[in-house]
Amino acid sequence: MVKAKIAVNGYGTIGKRVADAVQAQDDMEIIGVSKTKPNYEAAVAHQLGFDIYAPAANLGAFEKAGIPAAGSIEEMVKKSDLVVDCTPGGIGEENKDLYQKAGVKAIWQGGEEHELAGYSFNAIANYEGALGLDFVRVVSCNTTGLCRVIYPIDKAFGVNKVRVTLARRAVDPNDIKKGPINAIVPDPIKLPSHHGPDVKTVIPHINITSAAMKIPTTLMHLHTVNMELGDKCTAEDVRKVLGYQSRVRFVGQGIASTAEIMEFARDIKRPRNDMWENCVWSDSITMHEGELYFFQAIHQESIVVPENVDAIRAMMELESNGAKSIMKTNKALGL
Ligand SMILES: NC(=O)C1=CN([C@@H]2O[C@H](COP(=O)(O)OP(=O)(O)OC[C@H]3O[C@@H](n4cnc5c(N)ncnc54)[C@H](O)[C@@H]3O)[C@@H](O)[C@H]2O)C=CC1
Ligand SMILES: O=C(OP(=O)(O)O)[C@H](O)COP(=O)(O)O
């Protein structure tokens, strides 16, 4: 089988995980990853066998540091069928011209605006609409986590309204530059946060509003979800619907915090402690006065990774059925 040639532009938190996830599939392969500087992450990428590309002006620095670079980012893009742009939010949009001129497809991440790609993606909600598209945005980690629960609950019972409050991890574990370290920050203060409107870019008919704050933790985000449902149902009915979702994991058995979820991910030997699934506290699923409530935790570093693989498969038309792609991705990752 001829594999789709995939480049990762921006080998950071998301990019390095997408690169490994693509390599694990049998219908696509990584032809290169980009690093701006020859730091430890570039050295590891080289050790893992990835061809490294860099901005043309920085190629000399790589040579000096003894980390071989295969060429410029422009060269990498030209060699690929599809680029997964994992550069920091707001930088990715600057690369659109480059991709268009090279005639390659591109996926951006949730840090970019919906309008940049024109199609916001979540595998269970709208895989089929991405078939053959040139540009797609995989929505942010929190938005992905929301779509994964709202979509099946809406299908089963109808959703009249969603209210969600998000406690957002302040920064990723490797980030030593930002905070807060001793504050809770309403973020943004002006409501709603981007998450509700972003869910609507994927599932337009959902009535949703969201508020978010940043808290001094690096491990995971935590959502308090409240939904008014169309049909009458019990907590057990909702548990059944979420229980069928391959990318939703129920947690319990003494797991009472995000810290214990991360420990669990280590114990089951997940690469980089990645928890690709939404973690829903099964005991928190409650119906009160006809409304649904539950808690879920979202591992921001990894939740969008399987979605990127499915988005590639849809755009490259490697599989026309979303459910089949999800199963294939999950199996290759060990999810
Ligand atoms: N970290 C997270 O929790 C999540 C991030 N996202 C989104 O994913 C995207 C990437 O975020 P992260 O991986 O966290 O960022 P990151 O900062 O960890 O990684 C970005 C990488 O891109 C490189 N880079 C910077 N400018 C570049 C350029 N002009 N050309 C090529 N490479 C360049 C950086 O050196 C770094 O290696 C953003 O849109 C973000 O909003 C989505 C879900 C979760
Ligand atoms: O996609 C994410 O969060 P978001 O869904 O709150 O935008 C990532 O955790 C990145 O968030 P950041 O912009 O706080 O680094």
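1. Among contacts (heavy atoms within 4.5 Å) in the chain between residues at least 6 apart in sequence, 71% join residues at least 24 apart. The model is predicted: local features need pLDDT of at least 70, side-chain atom pairs count only at pLDDT 80 or more, and totals for chains, interfaces and linings use all residues. Residues are numbered from 1 along each chain as its sequence is written, and side-chain values use heavy atoms, with hydrogens and water left out.

2. The chain holds 13 helices and 16 strands, which are DSSP runs numbered from the N terminus (helices H or I, at least four residues; strands E, at least two). Its radius of gyration is 20 Å, close to the 20 Å that the globule rule gives for 335 residues, so the chain is as compact as a globular protein of that length. The radius is taken over C-alpha atoms, and the rule is 2.2 Å times the number of residues to the power 0.38.

3. Of the 335 residues, 52% count as buried, meaning under 20% relative accessible area with a 1.4 Å probe, protein chains only.

4. Strand β12 (residues 221–229) pairs with β9 (residues 159–169) in the antiparallel sense over eight bridges; pairing requires at least two DSSP bridges between two strands. Val225 in β12 stands opposite Val164. Strand β12 also runs antiparallel to β16 (residues 291–298), joined by eight bridges, and Leu222 has Ala297 in β16 as its bridge partner.

5. Helix α13 (322–333) is among the helices that each supply at least two residues of the lining of the second largest pocket, and α13 gives the most, with five residues.

Key
Chains are lettered from A and ligands numbered from 1 in the order in which they are written. Buried means under 20% relative accessible area, exposed over 50%, partly exposed in between (1.4 Å probe, protein chains only).
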